[in-house]
Amino acid sequence: MALEVEHVCGKQAQFDKTKAPTTGWTTGTGNVYPKQPCWLRIPHELGDAKLLSFKAVWIDINLYDANGKLFASAIHLGKKNQAIVSANRISFLTSNATFPLYARLDVSPSTSYFDQVEVESLDLNESMHRAQTFDSISVAQTAILVGFAVIAAAFGLLLRNLTYVLFALFCIFRAAFLIFNNGLIFSLWDIPDWLPQLFILTSWPSNAIQSLIVTRMSGSAEHSPKLHYAMLAMAALYISLIPIDIYFPYQSLGLQDYLDMVWYPVALIGVGRAVFLKRAGSAILFLGLIPMAIFWWPLAVAQLLPRSFGLSFETPSGTTLDIIQNLFFPTLFCISLAYRSLQLHREAIRIARIDKLTGLPNRERLTHRGDSLLKSKGNPPIAVAALNIDRFRAINEALGYDTGDAALIEVGRRLAAIPMAIVGRSQSDQFFTIWLDASKLDELQLQIQQLFFAPILVNQQMIDISMSVGVANLPELDMSLQMRCAEIALNVARHEKTAWEIYKPEMETAKLGDLHLLSELRTAINKNQLRLFLQPKVRLKDGAVVSAEALVRWEHPERGMVPPYQFIPFAEHTGHISAITVWMLTQAMQIVAERRAAGNPLQISVNLSAFDLRNNHIVTILETLRETYGASSSDIRLEVTESSVMSHPEISLQVLHAIHEAGYSIAIDDFGTGYSSLAYLQKMPVTELKIDRAFVSGVQANTDAAILLFSTIELGQRLNLSIVAEGVETADEWALLEGFGCDYIQGWFAAKAMPVSDFINWRKEQSPFHFKEYQVS
Ligand code: C2E
Ligand code: CA
Ligand code: CA
């Protein structure tokens with residue numbers, strides 16, 4: 001119950017700190033604003049078991065009895081003398097006092113302005129109850145704010161985003177403010193005098209940080225430069241209140257009121273403009289600021305108006321509005337963080353599963369789709385077709401790569417229009433369709449034939465298209481096996497020029513004679529048809545070319561250079577790959593030994609397949625070759641993909657460790673397309689991370705794709721890995737990656753893979769490779 005008390009405040013109260021004045025008393029409601037020292041007089045006894053209670057924390061109280069004798073005191077809330085200090089409240093037992101009582105109130109240097117003092121009479125239970133409710137609300141809010149701070153800090157550090165880090169700091173300061181402001185720590189412990197001062201350090205910096213967050217999130221520098229500088233200036237002013245408060249203890253509060261009064265309108269206008277311009281994140285900021293403005297702005301105004309205006313506000317700490325203004329903005333912010341990371345995650349999946357050129361699903365995605373179709377019951381059995389454009393190489397060479405690309409897009413578009421089929425592109429001119437009803441394969445054949453009756457028109461050129469198709473109708477197999485079988489059938493169709501073949505197990509064997517790619521591959525090594533090409537890796541910091549990737553080529557007597565995707569998958573499935581690996585390693589060892597002897601060392605990366613990781617032979621082979629050619633193990637790096645490791649994780653990890661212990665380094669190839677499991681990555685003895693082309697090509701600044709790329713680089717570097725970006729084709733991509741601090745770049749922008757002798761010449765002429773010389777001005 002509020003008490004009728006008389007008071008004297010200001011100059012008259014100031015003369016003697018220990019003796020109440022005799023004149024100048026005003027009768028009031030029991031609320032005073034102790035911006036200046038005050039004397040209160042409580043004329044009447046409170047009755048049995050009644051507490052004289054002051055709702056105010058930031059105040060020193062000395063209580064004198066009717067004889068002017070010091071009766072009780074609570075100073076800085078630390079030293080307690082007959083005072084019961086609970087959070088936000090100081091109470092005195094008055095049963096044996098002689099009334100009237102005189103209370104001397106002195107402002108602690110750090111009095112928070114909304115803490116007007118309320119004088120009440122309470123009984124003990126009520127007092128405890130109020131204190132506890134208030135405490136639990138404050139503690140809960142503090143805990144929530146700390147939680148938000150941890151989340152924001154984690155995101156901020158991971159994504160190197162300063163706004164998030166600022167936000168984490170903001171939450172921490174707000175949490176500290178809450179816990180100081182409710183006085184809980186002061187009632188729990190005896191607190192040294194300087195600690196109340198610290199209170200200020202929690203309130204004003206948080207205001208300054210709030211200004212910085214607002215300017216950053218609203219992008220005010222771009223659209224409202226004047227408001228922007230005003231916000232920054234106010235941030236500086238908030239900070240300057242700290243020294244002001246130290247040297248002129250009673251001045252800072254009024255100044256803060258002025259600042260608050262200006263800050264909220266300025267911030268809301270700035271953010272409002274950003275909302276109007278549809279800037280990402282600004283709506284959240286605006287919504288979050290509104291309850292804060294409703295809470296603080298009228299308070300500031302009320303404090304600045306002369307008392308005679310009669311405008312006053314109840315101390316609103318702990319009210320619903322207080323809780324909302326404390327938690328609403330942080331909650332919105334964290335929701336937006338969660339949403340943002342979800343978006344990035346989706347973008348990663350999308351990029352990894354979509355073919356850039358045609359926008360169709362890629363091989364990974366198709367495998368997924370197919371597997372889930374195979375698993376779900378009630379569907380008719382599915383079949384898989386692999387399709388290849390006949391004479392595509394000729395189209396490319398005759399009409400140029402632009403036209404070739406446009407033709408691929410158009411072919412993809414037409415294929416995608418087939419009803420009952422899911423279409424994707426696996427590489428170059430090879431497509432796949434999942435045919436949703438295997439019993440109607442004839443229909444698929446007809447549809448595909450009809451699709452290209454009419455020539456396609458690209459870049460003003462009419463091009464006749466025909467396709468060879470291999471079909472697997474083996475619903476009992478999983479998707480990747482079906483795709484492989486379809487590819488085998490496709491190869492038969494191409495060689496026999498039959499246009500349409502359905503897979504039969506005989507196709508696997510060498511029965512197809514000399515025409516069969518697989519049997520040809522067996523002899524390719526003996527006939528010396530394989531070639532090792534080198535593609536340079538450029539070190540970004542100085543343009544040096546000290547390493548290269550070895551890529552295999554097959555110089556076929558009739559078909560010319562066969563690119564690896566036309567035989568590597570075959571070779572991998574049949575185990576022929578190990579012969580290729582050994583051949584490549586042999587060449588690579590020779591080259592690196594030679595280069596080192598020539599005083600021009602070069603590190604060569606050789607690709608290993610899943611098959612090579614299945615047993616320890618590979619280490620023996622590496623060591624034998626190294627000794628034979630006198631090569632250095634540090635000159636050979638081995639590239640493995642996560643998927644190849646994951647196909648037999650246990651043995652593969654063993655093999656990788658053995659390779660590593662023998663002194664060879666290991667790179668993770670095609671990072672981002674496979675499992676991308678960081679937990680696993682940390683178990684592997686890896687030195688280098690090669691970010692897959694899909695994440696690099698076509699990436700533009702300030703897009704989600706760019707953020708993804710940047711955070712992948714960051715993350716990799718944090719794990720102490722050297723980062724290689726693959727597939728860099730343009731100056732823009734190069735510049736972006738350089739800005740992101742990527743370590744190495746491999747891609748056509750520097751050079752395509754080339755024969756070893758060409759590579760050596762290229763390196764002589766082009767190393768160090770400097771990007772700027774290539775920029776078109
Ligand atoms: P990979 O290991 O990811 O090799 C990089 C591929 O990207 C190479 O294709 C390379 O020519 C290509 N590339 C490099 N820069 C660019 C660029 O700027 N733009 C574009 N669009 N492509 C670029 P390639 O030589 O056709 O090799 C394809 C895949 O075949 C390799 O992918 C690798 O998985 C496999 N492969 C190649 N040689 C070997 C080998 O000796 N052993 C094994 N096991 N696999 C090999
Ligand atoms: Ca590779
Ligand atoms: Ca790669």
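Which residues coordinate the calcium ion (ligand 2)? The donors are Glu549 (OE), Asn607 (OD1), Glu639 (OE) and Asp669 (OD), at 2.1 to 2.3 Å.

This is a predicted model, in which local features need pLDDT of at least 70 and side-chain atom pairs count only at pLDDT 80 or more, while totals for chains, interfaces and linings use all residues. Residues are numbered from 1 along each chain as its sequence is written, chains are lettered from A and ligands numbered from 1 in the order in which they are written, and side-chain values use heavy atoms, with hydrogens and water left out.

Donors are N, O and S atoms within 2.8 Å of the metal (3.2 Å for Na, K and Ca); water is not among the atoms, so sites may look incomplete. Along the chain, the donor residues of the calcium ion (ligand 2) are spaced E-x57-N-x31-E-x29-D. Glu639 belongs to strand S24 (residues 636–641) and Asp669 to strand S25 (residues 665–671), so this pair ties together parts that are 30 residues apart in sequence. Helices (H or I, at least four residues) and strands (E, at least two) are DSSP runs, numbered from the N terminus.

Asp670 lies in strand S25 and Glu726 in strand S27 (residues 722–726), so the pair ties together parts that are 56 residues apart in sequence. Asp669 bridges the calcium ion (ligand 3) and the calcium ion (ligand 2), and the two ions lie 4.0 Å apart.

Buried means under 20% relative accessible area, exposed over 50%, and partly exposed in between (1.4 Å probe, protein chains only).

| Residue | Relative accessibility | Class |
|---|---|---|
| Glu639 | 1% | buried |
| Asp669 | 7% | buried |
| Asp670 | 27% | partly exposed |
| Glu726 | 11% | buried |

## Helix H21

Helix H21 (residues 649–661) has 13 residues, which at 1.5 Å a residue should span 18 Å; its end C-alpha atoms are 18 Å apart, in agreement. The expected span is 1.5 Å times one less than the number of residues. Which residues of H21 are buried? They are Ser652, Leu653, Val655, Leu656 and Ile659. These residues cover an arc of only 165 degrees around the axis, which puts them on the same side of H21. The arc is that of the directions from the helix axis to the C-beta atoms. Glu650 and Glu661, on the other side of H21, are exposed.

## Strands and sheets

Strand S20 (residues 530–539) is mostly covered, with eight of its ten residues buried. Two strands pair if DSSP finds at least two bridges between them. S20 is joined by eight bridges to strand S21 (residues 547–556), and the two run antiparallel; here Lys537 has Ser547 as its bridge partner. Two bridges join S20 to strand S29 (residues 754–755), again antiparallel, and Phe533 is partnered by Pro755. Another two bridges join S20 to strand S28 (residues 744–746), also antiparallel, where the bridge partner of Arg539 is Tyr744.

Elsewhere, five strands form an open sheet in the order S3-S12-S5-S10-S9, with antiparallel pairing. Strand S3 (31–32) and strand S9 (83–86) stand at the edges with a single partner strand each, so one side of each is left without a neighbour in the sheet. Four bridges join S9 to strand S10 (residues 89–93), and Ile84 stands opposite Ser91 in S10.

## Two loop residues

Asn379 lies in the loop between helix H11 (363–375) and strand S13 (383–389). At 40% relative accessibility, Asn379 counts as partly exposed. Its side chain makes a polar contact with the side chain of Ser376 (2.8 Å). A polar contact is a pair of N or O atoms within 3.5 Å; within protein, one must be able to donate a hydrogen and the other to accept it, and residues adjacent in sequence count only if both atoms are side-chain atoms. Asn379 and Leu436 are 57 residues apart in sequence and 8.2 Å apart in space, C-alpha to C-alpha.

Asp437 lies in the loop between strand S15 (430–435) and helix H14 (441–451). With a relative accessible area of 11%, Asp437 is buried. Leaving aside residues up to four places away in sequence, Asp437 touches Pro380, Pro381 and Met420, where contact means heavy atoms within 4.5 Å.
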